[in-house]
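Reader: I have a model open and would like to learn how to read it. Please take me through a few features one at a time.

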Amino acid sequence: MKRLLLIGTCSLYTLDLFAQKLNYTVSFPNAIHHEAHISLEVADFSQQELIARMSRSSPGRYATHEYGKNVYDVKAFNKAGKLLNLNRLDGDVYQAVGLSGYVRFEYTLFANHPDGTYAGIDVTSIMLNAPATFMWVKELEKAPIQVQFNLPQGKNWKIATQLKRESKDHSYSAPHLQYLMDSPVKIGDLKVKEWTIANKDQKKYNISFALEADGSDSLVTSFAQKIERITQESQQVFGELPAFDYGQYVFIASINPYVKGDGMEHRNSTVIANPTAFTGSDNFLNVFAHEFFHAWNVERIRPQSLEPFNYEKSNMSSELWFAEGFTQYYGSLILKRAGYNTFAHFCRTVSALINTKENSAGAKRISPVQASQQAVFVDAGVSVDKANYINRYSSYYTYGAAVALALDLELRARRSSLDAYMTAVWEKFGKSEKPYVIADLLNVLAELTGDRTFATDFFKNYIYGFESFSYKNLLQNAGLTLQKEFPGKAWIGDYPYEVGESLKLRSSTRFDTPLYQGGVDIDDSIVSIEGRSVKSADDLDKILNDYKPGDQLTINYIHRGESKLGVLILAENPAWTVIPNEDLGIPVTEAMKQFRASWVDSKLK
Ligand SMILES: [Zn+2]
């Protein structure tokens, strides 16, 4: 496996340690109050001091998270069970001293946030994201690991995880720390459905769907069949499945009101959590398609910036527009191909992506590379102060997906496709798990198209730059028309307001809107426009309906208690919409039909 390959340069010192095993034991004596008791036993080492630490980052979650805050009562013992001295070197770093070949760290973990990023322990079920759960020893990161789960008595619980099962008594193993940290564990009353997919290499892979939800067996079965179809449709993009470790992949899903919403990819599993009642609705399938696509794109087609993963700080990556954005695009596309999305719905997704690229303030001023680099702050990152993301950021998910859309249409116009590009990247980097850098992606595009100038310009203009795409021309090949959604409609920007005696702005304003240019900002209250009072969004709409883009209006607003006057120069509502030609009475040629079919129809025979 990829991460084992990294061991290459072992010194005698690490070889000595590599022979060691780490043994974790995880028990839940106080699950009702969300606590676990965890021990980490290390034996046969030469150091007299050893440091155990909690992670500050988690694979697939790109900002810093202080998992150390939920660990307490940290202790260290010698083999005879005698308490050892323990120095707390940092909030999440503990050093045991006076050691002679053995130490057992013990600690309590508090966990009440069940999702793919954190952990949640309760008498009803247990969710453990590994970096949120396991303290670890840096010097021993290559050593093989055993984990023993002591399940609460009297429950017929199952465990779903990509860890290798060693015995029926809930003992699991990981080849090294990187694999353990990538392996979430779900424990509970799980409904499990399994199927196999035959692969090009003649191997059969076992795919399972482990669901924590209320729902009849038939509902769960039919939902699992939809996921199965998605896995098959995804396989068609690359022509083969990844070689899943231990021959298995598991969808760990919690669809119930007691979890927090999340979707998190791993090498051979994913955690999908949705805090709603399980109805078998197709609405959730998008996340399944997205996360499964990650088994190729990011888990194996892996940017060098995430490899090896650093658990002591967030890992900045300049490639998330590709790793996440292209995956986002395929989540929607595969759903359409698998038949769980209509063409009309797909067109709305395409409209939304185009609006992200052409109309989000961030995408007008930063490149997809820069958007990716911001992930260390924005990806579920928590802060108490305000940031200027509305003007200086655009999500690498949707921004990246908008780039994928443009590239797919461009390649299809050149008698190729994004499927062919993804497959070429897979063949060159994913299959052999050779980490890539952006220049590699450019080179593959140049080779695929036989047009280095095109590839170089594409990356210069749209990956390192933030130029507009010619979506209008590109979409016509598919018989789709891009047009203004509200032509001629006067507009001052789309904002959330607090309604009262005036209209209070709940968001910062965007640099490219009349309200920003008129001097109005967050927490200001719009009192009147052209002397007409504004108490609701409806009032505002009525006033704007009486004017046209280019008109200059006087605005009266309150800023920090002071009444102010400003000038609004009205703009045209910039929203774009994509409409099938047939809906506009424009002919759809045979070539357009073929283009569309090859783009969005099923690849399954
Ligand atoms: Zn993702």
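Author: What follows goes through confidence, a metal site, a helix and a loop residue. The model is predicted.

Reader: What average pLDDT does the protein chain have?

Author: pLDDT is the predictor's confidence in each residue. Here the protein chain averages 95, and 97% of the residues score at least 70. Over residues 1–18 the pLDDT is below 50, though this stretch has 34 contacts in the model beyond near neighbours in sequence.

Reader: Which residues are the protein donors of the zinc ion?

Author: The zinc ion has NE2 of His-290, NE2 of His-294 and OE of Glu-324 as its protein donors, lying 2.0 to 2.1 Å from it. Their spacing in sequence is H-x3-H-x29-E. His-290 in helix 5 (residues 285–293) and Glu-324 in helix 6 (residues 320–338) are 34 residues apart, so this pair links distant parts of the chain.

Reader: Are His-290 and Glu-324 buried or exposed?

Author: Buried means under 20% relative accessible area. His-290 has 7% relative accessibility, so it counts as buried. Glu-324 is buried as well, at 1%.

Reader: What do the surroundings and ends of helix 11 look like?

Author: Of its 18 residues, 14 are buried, so helix 11 is largely enclosed by the rest of the structure. At its start, a side-chain oxygen of Ser-395 comes to within 3.0 Å of the backbone nitrogen of Tyr-397. After helix 11 comes Arg-415, with a positive phi near 65 degrees.

Reader: Where is Ser-394 found, and what is it in contact with?

Author: Ser-394 is in the loop between helix 10 (389–392) and helix 11. Its relative accessible area is 4%, so Ser-394 is buried. Leaving aside neighbours within four places in sequence, its contacts include Thr-356, Ala-371 and Tyr-399. Gly-362 is 32 residues from Ser-394 in sequence, yet their C-alpha atoms are 4.7 Å apart. The side chains of Ser-394 and Ser-360 are joined by a polar contact of 3.1 Å.

Terms used. Residues are numbered from 1 along each chain as its sequence is written. This is a predicted model: local features need pLDDT of at least 70, side-chain atom pairs count only at pLDDT 80 or more; totals for chains, interfaces and linings use all residues. Side-chain values use heavy atoms; hydrogens and water are left out. Buried means under 20% relative accessible area, exposed over 50%, partly exposed in between (1.4 Å probe, protein chains only). Helices (H or I, at least four residues) and strands (E, at least two) are DSSP runs, numbered from the N terminus. A polar contact is a pair of N or O atoms within 3.5 Å; within protein, one must be able to donate a hydrogen and the other to accept it, and residues adjacent in sequence count only if both atoms are side-chain atoms. Contact means heavy atoms within 4.5 Å. Donors are N, O and S atoms within 2.8 Å of the metal (3.2 Å for Na, K and Ca); water is not among the atoms, so sites may look incomplete. pLDDT is the predictor's confidence in each residue, from 0 to 100.
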